[in-house]
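Visitor: I'd like to learn how to read a fold like this one. Can we go through it piece by piece?

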Amino acid sequence: MSTLKVYNSYTRQKEAFESLVPGYAGMYVCGPTVSGESHLGHARPFITFDVVYRYLMHLGYKVRYVRNITDAGHFEEEGREAEDKISTKAQIEKLEPMELVQKYTNLFHWAMKQFNNLDPSIEPTATGHIVEQIEMIKTIIDAGYAYVKNGSVYFNVVKYAEHYPYGKLSGRVMDELLETSRDLEGQDEKNNKQDFALWKAAPPEHIMRWNSPWGEGFPGWHIECSAMATKYLGKQFDIHGGGMDLQFPHHESEIAQSTICNHHVPARYWLHNNMITINGRKMGKSYNNVIKLTELFSGSHPLLEQAYHPMTVRFFILQTHYRSTLDFGNEALQAAQKGMRRLWDAYDVLGKIIAGAAIAGDAELDARCNKLVDEFDEFMNDDLNTAKVLASMFELVPVINGIKDKHIAATALSTATVEKMRKAFKAYLEDIFGLKDEQSAAGGDNSKLDGVLQLLIDIRKEAKGRKDFATSDKIRNQLQDLGVILKDEKDGSVSVNFA
RNA sequence: GGUCCUGUGGCCGAGUGGUUAGGCAGAGCUCUGCAAAAGCUUCUACAGCAGUUCGAAUCUGCUCGGGACCUCCA
């Protein structure tokens, strides 16, 4: 079997994944800022890295997956009026900052559950690690790479760049940064434009504030990830993940901070997912084009033609390679919904298929199926190409359905091949991709209602038996209006789907 | 303005120089009391121009278009 290769943003190439400690893997992923509701764009990294997490476990690694909650708030724009996102909004909504944080954290967790994302091993909060952050800042000051100004602390990027490859991750050059940095007001405090805040003195109206050696204030944006990653994963760990838009300045700054404190680039492999776009443009607050997850699931947004099930969204995301942009659209989502339905129906059938023959009746077909299944691992190992795995699965669907419809002999495939397909479908669809049937996912199955439904199906069958199609169609049509879809299968059975 | 990425058929998207990506939609057929589903067949592609090559969607150059980052950002 091939081995896992991932595209490392830090080196700009695909590299074989080797964990620092054999059998164990540490992964840090930048989590949400809980000052507002998550939107579709946010879903991507959390689904992408959930699959990475699941795949690493599938490969046998014991994984510690750390994903933070940013609940301390940052500047809207450094240098301008120092505004703390969370405290500002808290005043508007007349809530305690922590009340607001709790509300959106809960909502975030709910959304993650909807997507069937596994919980991370540790989900540390920024506010819970103020002490660690202060300690880290002290270390950086002692090392001579940070300076204090009016109660704030800034990282000296210029000095750092003289000794370390600043800009390597994001492909930036110091001189260019000098030229291209925009002129922001109130840069006076910083010695250099490129420097970034490690600690900010809190203005009087700022609600969230902590005591520090430099006075009351709050931590800079980048330091929390460095502090928490170090605490839970060590000075160096395997994977750091996040959206491409975090590459600079966030991850670049993390590297600088951790390098000074821990003498290592924190992560060996940097993985970045690409953006979800809408009409070709990145979905983001600044563009005012976000579709919140609650809107997506309920269909309540002008751009949405219908509600989309979380599993449809998950499938939609997995049909694209994680490093490509993915363009949102109703047609595309609907295609994902139907495609997933078809794939899942075939998966159901696969579980029930007669188990093939001792020796494959159709050696060529049998070989082809084996090859397609074998490729699942290859594609996945090639930088997590979920899109190609799904394409291969779809190629197996006509075979599965063919056997079901008896176009293909039940003995065409060997027992071993059928068993292999079953295992692979289960492993990939459920364990690795984290998909589940939207119908059972909808939950609420009621045994009494099932009985009622079965009764209707029986009555309809009897009506059909005496060619009373008026009655049989009435039952089918009215159930359909209620969102219960009956299908007469070739073998005379009736299958039920819920719209 | 700087750095980088990208341009695939109606839509979404994979693509390692030579072989059908795949999904959805469309058309025809088969099956079915009719539906639906399924199966079979089928139609639309590689932005443009030039170059390298026996051969390019895939490499190079130019042109045009789109985007990301440079500022909070998944």
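Visitor: Let's start with pairing. Which residue in β13 is the bridge partner of Ile278?

Guide: Keep in mind that this is a predicted model. To read a sheet, pick a residue and look across to the next strand: for Ile278, the partner in β13 is Phe328. Zooming out, β11 (residues 276–278) and β13 run parallel and are joined by 3 bridges.

Visitor: In what order do the 3 strands of the open sheet come?

Guide: The order is β12-β11-β13, with mixed pairing. β12 (281–282) and β13 (326–328) each have a single partner strand, so they stand at the edges, and one side of each lacks a neighbour in the sheet.

Visitor: Next, cores. Which residues touch the most other members of the largest nonpolar core?

Guide: As a general idea, nonpolar side chains in soluble globular proteins tend to be buried together. Here the largest nonpolar core has 111 residues, and Met27, Ile137, Ile140, Ala146, Phe155 and Leu198 touch the most other members. Helix α1 (residues 40–58) gives the most to this core, 10 residues. Both domain 1 (5–273) and domain 2 (287–440) supply at least three residues each. Another core, of 6 residues, lies apart from it and includes Ala72 and Phe218.

Visitor: And which residues come nearest to RNA strand B?

Guide: Of the 69 residues around RNA strand B, Gly41, Gly243, Ser324, Gly339 and Ala391 come nearest. The surface near RNA strand B divides into 22 nonpolar, 26 polar and 21 charged residues. Helix α13 (residues 386–404) contributes the largest share, 9 residues.

Definitions and conventions:
Residues numbered from 1 in each chain as written. Chains lettered and ligands numbered in written order. Predicted model: local features only at pLDDT ≥ 70, side-chain atom pairs only at ≥ 80, totals over all residues. Near = placed C-beta within 6 Å. Helix = DSSP H or I, 4+ residues; strand = E, 2+ residues; numbered from the N terminus. Nonpolar A, V, L, I, M, F, W, Y, C, P; charged D, E, K, R; others polar. Core = buried A, V, L, I, M, F, W, Y, C linked by C-beta atoms within 7 Å. Buried ≥ 20, exposed ≤ 12 C-beta atoms within 10 Å, placed from the backbone. Domains from an automatic or database assignment. Pairing = 2+ DSSP bridges.
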